[in-house]
Amino acid sequence: MMDVKPKTGLILTGGGARAAYQVGVLAAIAQLRRDACTTGDNPFQVISGTSAGAINAATLACQADDFCSAVDGLMYIWQNIHAEQVYAADSFGVIRSGARWLTMMSVGWALNRWRRTRPRSLLDNTPLRGLLAQWIKLDRLDDMLAQGHLDALAVTGSSYTSGHHVTFYQTHQQREPWVRTQRLAVRTPRLSIEHLIASSAIPFIFPAEPLELSGQVEWFGDGSMRQTAPISPAVHLGAEKVLVIGAGRMHESGGEGHHGPTPTGHPSLAQIAGHALSNIFLDALAVDIERLKRINSTLALLPEEALRNTPLKPIEALVIAPSRPLDSLAAEHQGALPPPIRAMLRSVGVSGEGANASGSALVSYLLFEPEYTNELITLGMADTLARRSEIQKFFDWPAQAPQVDPAAMRRRAGGFALQIPPNPPGPPRLVA
């Protein structure tokens, strides 16, 4: 009897520009996969994404038949991205959204002449909609699922209307939705760009997005809000072990958002916003991982008969998260932001660069510029390659690349000769 490999889930968390780190991790995994001469099936049968992680997740899912090509595309986009591709960063766009929004905060909402045109967020993310429509080919997702390259894609959002945390998922085979306290799952026949926009709508920063839920239109924001169990969707959709790629350091004294000298006066709006975003994006994941470890430890103590009678099952989890605080990396590149954005952020307490930077935690979510994203990609690669043996064990890949027998490969391919170019396409080879 052939051994059936456990289904592997990929969980990509949120974090705005910080999601570039995930791409570095994925690029290193693609390299280790090639080193193991394992270039066939998609390594992830279930993919679950939240916020900017949902965008990366959808990109991988829609190219599930060619993992290396999908990672290649993500690398290209994140290495060359600019703020104006994500939100309106010109002077007119900033005045139309951010400057007006800050003015309304300072003078009050009582001015009738502003009521009809009051802005909905600090930044206008209309450019992101166009970028995603060009970048992600969601029309391929049905085929990827039907052909068995992927079992499920899940995207999460948080409803401002009902208060529910909602996981929208698309599958080919039937998977029953689940309901838990203040969170529920909805199977949708087709995930859309609107789902991705909603999932990545950072609170206050980007506007809410309308989505249909149970026949009613509700307004949704970033899926990291009220997300009490980030690992849960992948497990419900059949994952038996999961790779989790975070967007910030966990279990660190002081946490993220504390870069630079300790402030002696009242914290600025930027410092408060950075602290709040770190709470939204980082804390739930750390708690859920601890919960998973406790469940695994408890199950390990149960006798065989008790294990058969419980719906719980142990889930192997490998977590890769940044080894450096990402706000400190952002502090080194705050000057890369477009001048109108820098001017607007100065009004809420963002200033300086490097060791003298203030408000860099907030900036770390908005700094869609190559100077920053390339550093995140490099960090993701380095952090992953430093854990090479753990990753090889997780995927059951050999530590050393096996000798390839072309004749045997042809036999396994059913008689079709495999054309293997001397330099297979994919991301540049990484040296560790």
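I start with a convention: helix axes are lines fitted to C-alpha atoms over the stretch in contact, and angles run from 0 to 180 degrees between N-to-C directions. Helices (H or I, at least four residues) and strands (E, at least two) are DSSP runs, numbered from the N terminus.

This is a predicted model, where local features need pLDDT of at least 70, side-chain atom pairs count only at pLDDT 80 or more, and totals for chains, interfaces and linings use all residues. Residues are numbered from 1 along each chain as its sequence is written, and side-chain values use heavy atoms, with hydrogens and water left out.

**Whole protein**

I looked up the secondary structure and found 17 helices and 10 strands. Of the 432 residues, 51% are buried; buried means under 20% relative accessible area, exposed over 50%, partly exposed in between (1.4 Å probe, protein chains only). I then checked contacts, meaning heavy atoms within 4.5 Å. Among contacts with a separation of 6 or more, 75% join residues 24 or more positions apart.

**Helix α3**

I turned to α3, which covers residues 67–80. Its 14 residues reach 20 Å from first C-alpha to last, close to the 20 Å expected at 1.5 Å a residue. The expected span is 1.5 Å times one less than the number of residues. I listed its buried residues: Phe67, Cys68, Ala70, Val71, Leu74, Met75, Ile77 and Trp78. An α-helix has 3.6 residues a turn, so residues three or four places apart point the same way. The cover over the buried residues of α3 includes α1 (20–35), α2 (52–62), α6 (126–135) and α15 (370–385).

Next I took the pair α2 and α3. Their axes come within 8 Å and cross at roughly 145°. Asn56, Thr59 and Leu60 of α2 make the contact with Phe67, Ala70, Val71, Leu74 and Trp78 of α3.

**Ala20**

Ala20 sits in helix α1. Leaving out residues up to four places away in sequence, Ala20 touches Trp78, Thr373, Leu376 and Ile377. I also noted Phe368: its C-alpha is 9.0 Å from that of Ala20, though 348 residues separate them along the chain.

**Ser159**

Last, I looked at Ser159, in strand β3 (residues 152–159). Its relative accessibility is 3%, so Ser159 is buried. A polar atom of the Ser159 side chain lies 3.2 Å from the backbone nitrogen of Thr161. Beyond four places in sequence, Ser159 touches His164, Glu218, Trp219 and Phe220.

Terms used. Polar contact = N/O pair within 3.5 Å; in protein donor to acceptor, adjacent residues only side chain to side chain.
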